[in-house]
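Me: I have a structure open that I have not looked at before. Can you walk me through it?

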Amino acid sequence: MMIDNANVKYVSGARADYLMFPALEKYPELGAAFAVRGTKGYHYEPISEEANYAGIAAELGVPIDSLTMPFQSHTANVAECREDAKEYKDTDGLVTDLRNRVLCTKVADCVSLLFYDPINHAIGNIHSGWRGTLQKIATNGLRKMVELYETDASELVCVICPSIRQDHFEIDKDVHELFKEAYPQIINGITLQKGTKYHVDTVRCNTWLLEQEGVKAENIIDTGLCTVCHSDLINSFRGNIEGEKQFRNLAMIWLKDK
Ligand SMILES: [Zn+2]
């Protein structure tokens, strides 16, 4: 497949298409995938698309009821996925050390960050759209793992899923001002100005946040894929044909049975 690179492998299954990450595949206890549109138009929406959820679950060999999804609402809130919790309202990130719970986030152009602590056997899945990036949810997610599982940031492995990239993430001055306030230390490095418009590198914002907490740059694995540039295969809001219903991809990470 044409979107393969050193950090991404495209898998076209009978019931779902998805990306795999070689950097995570080397850990036998870990599962991770990013389910995409593919040529068959798969997508992951609440309630209505049970068939697609069943398809990706079957492809990956996980029970459909192990898929655990927060009710994302562009907050900076990260919750622990527990056996007894049924709903995760106003939650945009989940962490856990439970096995056989597939932590999911649904994204079209937003950044999903997949966290793995190979020492303490804990994981996280963080939805960091531009609002979440402004609120620094990546930092919250990592700190939650430090607090709950004694994660050492220098051991954390993070995969950055496909998202809208700087080339296509065009914003106006008012939103750029918010990035300026949130990221004064790196604002020049993350900004490209094109006429009256601004392009911000939200991936860099997130990697910078993680590095500030002690995550090693070499442990941050970026798929490098822009959802808009690859909207033929990856669901994208901004890359969608006008008038067409907008659908999302599913970022997934889980700990397998021992
Ligand atoms: Zn692009």
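Reply: What follows goes through the sheets, the helices, the core and one loop. Keep in mind that this is a predicted model.

Me: Parallel or antiparallel for S10 and S14?

Reply: Parallel. Strand S10, residues 157-160, pairs with S14 over three bridges. Ile160 stands opposite Asp222 in S14.

Me: And what holds strands together in general?

Reply: Strands of a sheet pair through backbone hydrogen bonds, either parallel or antiparallel.

Me: How many residues does H4 have, and what does it reach from first C-alpha to last?

Reply: H4 has 13 residues and reaches 18 Å, close to the 18 Å expected at 1.5 Å a residue. After H4 comes Glu150, whose phi is positive, near 60°.

Me: Which residues of H4 are buried?

Reply: Ile137, Ala138, Asn140, Gly141, Leu142, Lys144 and Met145 are buried.

Me: Lys144 too, then. What covers the buried residues of H4?

Reply: The cover includes S5, S6, S8 and S9, along with helix H3 (130-134) and H7.

Me: At what angle do H4 and H7 pack?

Reply: At about 35°, with their axes 9 Å apart. H4 passes H7 in a right-handed crossing.

Me: Which residues meet there?

Reply: From H4 they are Ala138, Thr139 and Leu142, and from H7 they are Asn206, Leu209 and Leu210. Two of the H4 residues, Ala138 and Leu142, were also among the buried ones.

Me: Change of topic. How many residues are in the largest nonpolar core?

Reply: The largest nonpolar core has 71 residues. Those with the most contacts inside it are Ala35, Leu114, Phe115, Cys158 and Met252. S15 supplies the largest share of this core, six residues.

Me: Take Phe115. What does it touch?

Reply: Not counting residues up to four places away in sequence, Phe115 touches Ile123, Gly124, Ile126, Gly141, Leu142, Met145, Leu156 and Cys158. Gly141, Leu142 and Met145 are buried residues in H4.

Me: Back to S15. What does it pair with?

Reply: Strand S15, residues 249-255, pairs with S3 in the antiparallel sense over six bridges. Within that pairing, Ala32 stands opposite Ile253 in S15.

Me: How many residues of S3 are buried?

Reply: Six of its seven residues are buried, and strand S3 (residues 30-36) is mostly covered. S3 is also joined to strand S2, residues 17-20, by three bridges, with the two running antiparallel. There, Leu19 has Phe34 in S3 as its bridge partner.

Me: How many bridges between S12 and S13?

Reply: Four, in the antiparallel sense, between strand S12 (residues 191-194) and strand S13 (residues 197-200). Thr191 has Val200 in S13 as its bridge partner, and Gln193 stands opposite Tyr198 in S13.

Me: What is in the hairpin of S12 and S13?

Reply: There are two residues between the strands, and Gly195 takes a positive phi near 65°. Thr196 is in the loop between S12 and S13 as well.

Me: How far apart are Thr196 and Met252 in space?

Reply: They are 37 Å apart, C-alpha to C-alpha, and 56 residues apart in sequence. Met252 is one of the core residues with the most contacts.

Notes. Residues numbered from 1 in each chain as written. Predicted model: local features only at pLDDT ≥ 70, side-chain atom pairs only at ≥ 80, totals over all residues. Pairing = 2+ DSSP bridges. Expected span 1.5 Å × (residues − 1). Buried ≥ 20, exposed ≤ 12 C-beta atoms within 10 Å, placed from the backbone. Contact = placed C-beta atoms within 7 Å. Core = buried A, V, L, I, M, F, W, Y, C linked by C-beta atoms within 7 Å. Axes fitted to C-alpha atoms, helices over the stretch in contact; angles between N-to-C directions. Left-handed = near helix turned anticlockwise from the far one by under 90°.
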